[in-house]
Amino acid sequence: MKQFQVAKASYQDGEHYVGLWRSVSRDLASYYGDDLYKSWFSKVDFLEASGDSSVILSAPSNFVRDWIKSNYFEMISKLFGHHDPKIRSVDIITKEVIPDSTSAEILPMVTSSFTSLDDSREDILSSLDPRFTFDNFVVGPPNELAYAASLAVAESNNAIAKSNPLFLYGGVGLGKTHLMHAIAWHANKKNPNRKVLYMSAEKFMYRFIKALRNKDIMSFKEEFRSVDILMIDDIQFICGKESTQEEFFHTFNAIIDNNKQMVISCDRSPTDLDNVEDRIKSRLGWGLVADVHSTTYELRVGILESKLEKMDIKVSKNVIDFLASKITSNVRELEGALNKVIAHSTLVGREITLESTQDILRDLLRSNERSITIEDIQKKVANRYNVLVSDMSSARRLRSVARPRQIAMYLSKILTSKSLADIGKKFGKKDHTTVIHAVKRVEELMVSDLEFKDEVNLLSRIIQS
Ligand code: ADP
Ligand code: MG
């Protein structure tokens with residue numbers, strides 16, 4: 001593969017620009033939030049500078065390059081100018097991807113070895129968010145049961161039979177992952193010999209499928225026996241995959257029978273899981289099922305005040321009230337909005353007022369109100385795959401047309417509140433079973449093919465942005 005070369009001769013002080021890009025990146029992260037940052041900017045690097053007024057960045061793919069260009073370039077240029085007024089132009093190009101240490105991040109499941117649970121304590125802890133501790137978790141009536149149960153699990157030296165598994169469930173952005181990381185931090189601090197393993201359900205599934213393929217289920221189970229607390233996040237991604245579900249739950253049983261503590265999170269309660277056998281549902285609900293409810297106004301105020309206090313920033317009561325009453329969807333959005341307001345005020349060096357807050361969040365609040373239509377989805381998906389919008393409602397079975405159509409159906413299911421029958425109608429008067437089939441197919445592919453999954457998630461973000 002052709003190696004990519006940095007044109008060192010073309011600038012005098014590379015360090016300066018690398019540092020500059022680091023500062024700009026930091027601003028981007030606090031302005032747009034971690035999720036967006038990770039999706040778009042974390043793999044962008046400083047490439048070269050020519051003269052001292054122009055900077056070139058490198059993107060990992062053409063797609064990322066184009067997306068950044070059309071959506072974030074104004075901000076990036078502004079930030080460069082802010083940190084170094086000499087910079088007059090910024091460009092971004094695609095560099096060839098060289099397989100190196102960074103590919104571990106892109107394909108974490110392929111490259112990190114599962115057989116090394118023993119030596120990976122450091123890795124496990126380093127994959128945890130240091131901010132997600134019990135200390136940083138604001139407790140209120142909506143989450144106090146989940147909090148207390150999590151703390152008990154972390155405090156105990158053994159599995160707690162009546163809380164095994166501890167099943168945390170609730171909508172997105174309400175603190176499930178935060179609590180799981182907090183369990184890991186706390187348990188590790190209390191008793192460093194206690195082995196804690198935290199993993200997303202997708203990662204677990206991926207390992208599992210690999211073991212199935214290699215006819216290696218025994219050693220797969222064996223590996224988990226050395227773990228004292230096993231946490232699997234977002235288990236809804238596993239359920240409904242009939243072929244593997246059965247085997248998965250055998251493994252799960254073996255772990256619990258072995259007196260290991262399991263903590264599971266899910267976006268719904270065990271009884272609400274579709275396509276899961278009753279006896280498995282009942283097994284999942286055998287321990288403690290703790291619901292993380294939507295936040296109340298009081299809890300949102302508490303969370304905002306706690307975050308501001310930690311950052312040592314003072315903000316007037318009416319700003320807090322505005323945020324807590326307007327951003328009600330979940331804590332992640334609430335934090336995002338607060339970070340945006342703070343980043344903006346830091347950037348322009350002005351105090352945070354109710355007026356500036358309203359101003360900064362205007363687009364965000366408006367886009368919260370704007371709803372996504374099936375037509376939107378069809379258009380964007382067709383555009384992405386270079387097929388005709390009319391093919392979205394055609395009956396053509398050619399894979400290059402049928403697959404994008406299935407993806408569009410899947411996205412319509414998850415991004416709109418339309419019924420399966422309504423979705424079918426918009427895709428050329430198709431039956432609701434066709435929609436179910438499409439949704440299932442896409443979900444299966446998302447489990448078995450990680451690149452495909454990234455692709456679908458990316459599309460989903462594009463449609464929502
Ligand atoms: P989930 O896993 O339920 O989707 P997360 O655990 O990722 O949600 O939480 C989303 C964000 O909200 C995180 O940054 C987390 O720290 C924050 N958060 C959620 N609940 C609380 C809380 N009670 N106190 C403080 N921060 C919270
Ligand atoms: Mg989560």
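1. Lys215 lies in the loop that joins helix H10 (201-213) to helix H11 (217-225), where helices (H or I, at least four residues) and strands (E, at least two) are DSSP runs numbered from the N terminus. Although Lys215 is not a glycine, its phi is positive, at about 50 degrees. Most residues other than glycine have a negative phi, and most peptide bonds are trans.

2. The model is a predicted one, in which local features need pLDDT of at least 70 and side-chain atom pairs count only at pLDDT 80 or more, while totals for chains, interfaces and linings use all residues; side-chain values use heavy atoms, with hydrogens and water left out. Residues are numbered from 1 along each chain as its sequence is written, and chains are lettered from A and ligands numbered from 1 in the order in which they are written.

3. Pro165 belongs to the loop between helix H8 (144-155) and strand S4 (166-169).

4. Ligand 1 is surrounded by 18 residues, of which Gly173, Thr177, His178, Arg332 and Glu335 are the closest; a residue is counted here if one of its heavy atoms lies within 4 Å of the ligand. An oxygen atom of ligand 1 lies 2.8 Å from a polar side-chain atom of Arg332, and an oxygen atom of ligand 1 is also found 3.2 Å from a backbone N or O atom of Leu174. A nitrogen atom of ligand 1 is 3.5 Å from an N or O atom in the side chain of Lys307.

5. Helix H1 (residues 14-32) and helix H4 (residues 73-83) have axes that come within 10 Å and cross at roughly 130 degrees; axes are lines fitted to C-alpha atoms, for helices over the stretch in contact, and angles run from 0 to 180 degrees between N-to-C directions. H1 is therefore oblique to H4, given that angles under 35 degrees count as roughly parallel, over 145 as roughly antiparallel, 65 to 115 as roughly perpendicular and the rest as oblique. In contact (heavy atoms within 4.5 Å) are residues including Trp21, Leu28 and Tyr32 of H1 and Met75, Phe80 and His83 of H4. The residues of this contact comprise 10 nonpolar, two polar and one charged, where Ala, Val, Leu, Ile, Met, Phe, Trp, Tyr, Cys and Pro count as nonpolar, Asp, Glu, Lys and Arg as charged, and the others, Gly among them, as polar.

6. Helix H14 (residues 297-311) packs against helix H15 (residues 317-326) at an angle of about 130 degrees, with the axes 9 Å apart, and the two helices are therefore oblique to each other. On the H14 side the contact involves Tyr297, Arg300, Val301, Leu304, Glu305 and Leu308, which meet Lys317, Ile320, Asp321, Leu323, Ala324 and Ser325 in H15. These residues divide into seven nonpolar, one polar and four charged.

7. Helix H19 (residues 374-385) and helix H23 (residues 450-464) pack with their axes 10 Å apart and at an angle of about 130 degrees, so H19 and H23 are oblique to each other. Ile377, Lys380, Val381, Arg384 and Tyr385 in H19 meet Glu455, Leu458, Leu459, Ile462 and Ile463 in H23, and the residues of this contact are seven nonpolar, no polar and three charged.

Key
Polar contact = N/O pair within 3.5 Å; in protein donor to acceptor, adjacent residues only side chain to side chain.
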